[in-house]
Amino acid sequence: MPIKWASSDAINVLMFLLPGLVAASIFQSLISNPKPSGFDVMVRAFIFTIFIHLGAQFVLWAPALGGWTFTRSGTWEVIVLVAVSVVFGLISAYAWNNDTVHGFLRRLNVTRQSSYQSAQYSAFAFHRNCYVALHLKGERRLYGWPKEWPSRPDEKHFLIEECEWLDGNKRRPIEGVSHILIPASEVDMVEFLPANHVSEHTEKTHDEPAPPASAKVR
């Protein structure tokens, strides 16, 4: 009998946390940060669940506050709870990816941190209107528009569009190439340049062939 009670109690707790788990899954799938541990997942799900239940109750009582006749049912409550979970997960991911909460807290001098997991990702996120020059191993420099970038310096690739090699004060367009994948391990340094910086200080040339890339393109 005690085993049956414990099992039933665990199921009740899981059902209570289910909206938070749904929102947490959506949130985690849309941000760049690594997956948290099992304990952190449960804590996050619990926090999300509290806000989701409050939001669901507001939605369920909103018609009555407006003077409308509304009959609540179990099916309708489940639908509202699922909808609020999805919306809450999407809003949380949007706020995290745009540094909304941390940005507000920085203005209040509560923290100096951002929501992004690394300084590299923060630099790309905060300078979205800049071209970049990747300093590759072998003293090559690749100029272009960053379409995607890794969350951490030691993993994944940079996806660069409008690619050109920088050779001193000359720009060498890479003919017939729409974009290049550069392994993060091949990049020693990243420069962020305004859109007109290179065009003002360098000269574009097609006279000589572009130097070969030292980075392995996968």
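Reply: A disulfide is counted when a pair of cysteine sulfur atoms lies within 2.5 Å. In general, it is a covalent bond between the sulfur atoms of two cysteines. Before we count, note that this is a predicted model, where local features need pLDDT of at least 70, side-chain atom pairs count only at pLDDT 80 or more, and totals for chains, interfaces and linings use all residues. Residues are numbered from 1 along each chain as its sequence is written, and side-chain values use heavy atoms, with hydrogens and water left out.

Me: How many disulfides does that rule give here?

Reply: The count is 0.

Me: Is Cys 163 buried or exposed?

Reply: Buried means under 20% relative accessible area, exposed means over 50%, and partly exposed is in between (1.4 Å probe, protein chains only). Cys 163 has 5%, so it is buried. Cys 130 has 16%, so that residue is buried too. Over the protein chain, 34% of the 218 residues count as buried.

Me: Let's zoom in on one residue. Where is His 135, and which residues does His 135 touch?

Reply: His 135 belongs to strand β1, residues 131-136. A contact means heavy atoms within 4.5 Å. Leaving out residues up to four places away in sequence, His 135 touches Arg 140, Arg 141, Glu 186, Val 187, Asp 188, Met 189 and Glu 191. Take Met 189: that residue is 54 residues from His 135 along the chain, yet their C-alpha atoms are separated by 5.1 Å.

Me: And what about the surface? Which residues make the nonpolar patch?

Reply: Patch residues have over 30% relative accessible area and no salt bridge; like charges are joined within 9 Å, and nonpolar side chains (Val, Leu, Ile, Met, Phe, Trp, Tyr) within 5 Å. A salt bridge puts a side-chain nitrogen of Lys or Arg within 4 Å of a carboxyl oxygen of Asp or Glu. Areas come from the Shrake-Rupley method with a 1.4 Å probe; for residues, only the protein chains shown count as cover. Here the patch covers about 740 Å², made by Ile 11, Met 15, Leu 18, Val 22, Leu 30, Val 78, Val 82, Val 86 and Leu 90. Helices α1 (2-30) and α3 (74-97) each give two or more residues, with the largest share, 5 residues, from α1. Met 15 sits in α1 and counts as exposed because its relative accessibility is 52%.

Technical notes:
Helices (H or I, at least four residues) and strands (E, at least two) are DSSP runs, numbered from the N terminus.
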